[in-house]
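Good morning, and thank you for coming. I would like to take you through one structure, element by element. Please look at the sequence and the model as they come up.

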Amino acid sequence: MSRLEQMIAAGAIDAQLIEPGVPTPTVPDAAAALGVEPQQIIKSLLFAARDGSVVLAIVTGASRVDRH
């Protein structure tokens with residue numbers, strides 16, 4: 001069990017992990033697999049800069065992120 005799964009099981013995080021059982025490489029794929037609208041999907045994007053810094057963006061599935 002991952003640390004995230006442990007925290008959810010312990011009630012430290014009010015969340016539920018959902019595994020649709022099919023590949024979901026895109027927001028439309030994930031939405032279709034779960035039977036929801038793309039706006040209901042949350043995606044995380046991790047950007048690494050040349051200087052070694054990183055930025056994590058968590059946005060709705062319908063949102064676009066400007067890397068600049």
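I shall begin with confidence in the model, then turn to a helix, a hairpin, some single residues and a pocket.

This is a predicted model. The mean pLDDT of the chain is 92, and 100% of its residues reach 70 or more. Confidence is lowest in strand β1, at a mean of 92, and highest in helix α2, at 95.

Let us start with helix α2, which covers residues 27-34. Which of its residues are buried? They are V27, A30 and A31. Seen down the axis of α2, these buried residues fall within an arc of 100°, so they line one face of the helix. For those new to helices, an α-helix has 3.6 residues a turn, so residues three or four places apart point the same way. On the face of α2 turned away from the buried side we find the exposed residues P28 and A32. What do the buried residues of α2 pack against? Their partner is strand β1. Just after α2 comes G35, with a positive phi of about 70°.

That brings us to strand β1, residues 42-48. How many of its seven residues are buried? The number is zero, so the strand lies largely in the open. Here a residue counts as buried when its relative accessible area is under 20%. Strand β1 is joined by seven bridges to strand β2, residues 54-60, and the two strands run antiparallel. In this pairing, K43 stands opposite V59, and S44 stands opposite I58. Five residues lie between the strands of the hairpin, and in this hairpin G52 takes a positive phi near 95°.

Now to some single residues. F47 belongs to strand β1. Its relative accessibility is 26%, so F47 counts as partly exposed. Setting aside residues up to four places away in sequence, F47 touches S53, V54, V55, A57, V65 and R67. By contrast, consider F47 and E37: they are 10 residues apart in sequence, and their C-alpha atoms are 26 Å apart in space.

One of the residues that F47 touches, S53, is found in the loop between β1 and β2. Is S53 buried or partly exposed? With a relative accessible area of 37%, S53 is partly exposed. Apart from neighbours within four places in sequence, S53 is in contact with F47 and A48.

Leaving out neighbours within four places in sequence, V55 is in contact with L45, L46 and F47. V55 and L45 are 10 residues apart in sequence, and 8.2 Å separates their C-alpha atoms.

Finally, the pocket. The largest pocket has a volume of about 370 Å³. It is lined by 13 residues, of which L34, Q40, I41, I42 and K43 lie nearest its centre. Which elements give two or more residues to this lining? They are α2 and β1.

To close, let me return to two points. The buried residues of α2 pack against β1, and β1 in turn is paired with β2 in an antiparallel arrangement. Thank you for your attention.

Key. Residues numbered from 1 in each chain as written. Predicted model: local features only at pLDDT ≥ 70, side-chain atom pairs only at ≥ 80, totals over all residues. Heavy atoms only, no water. Buried < 20%, exposed > 50% of the residue type's maximum accessible area, 1.4 Å probe, protein only. Helix = DSSP H or I, 4+ residues; strand = E, 2+ residues; numbered from the N terminus. Pairing = 2+ DSSP bridges. Arc of directions from axis to C-beta. Contact = heavy atoms within 4.5 Å. pLDDT = per-residue confidence, 0-100. 1 Å grid on protein atoms, 1.4 Å probe; cavity = no way out; pocket = protein on both sides within 12 Å on 5 of 7 lines; lining within 4 Å. Points joined across faces, edges and corners; volume = space filled by probe spheres on them.
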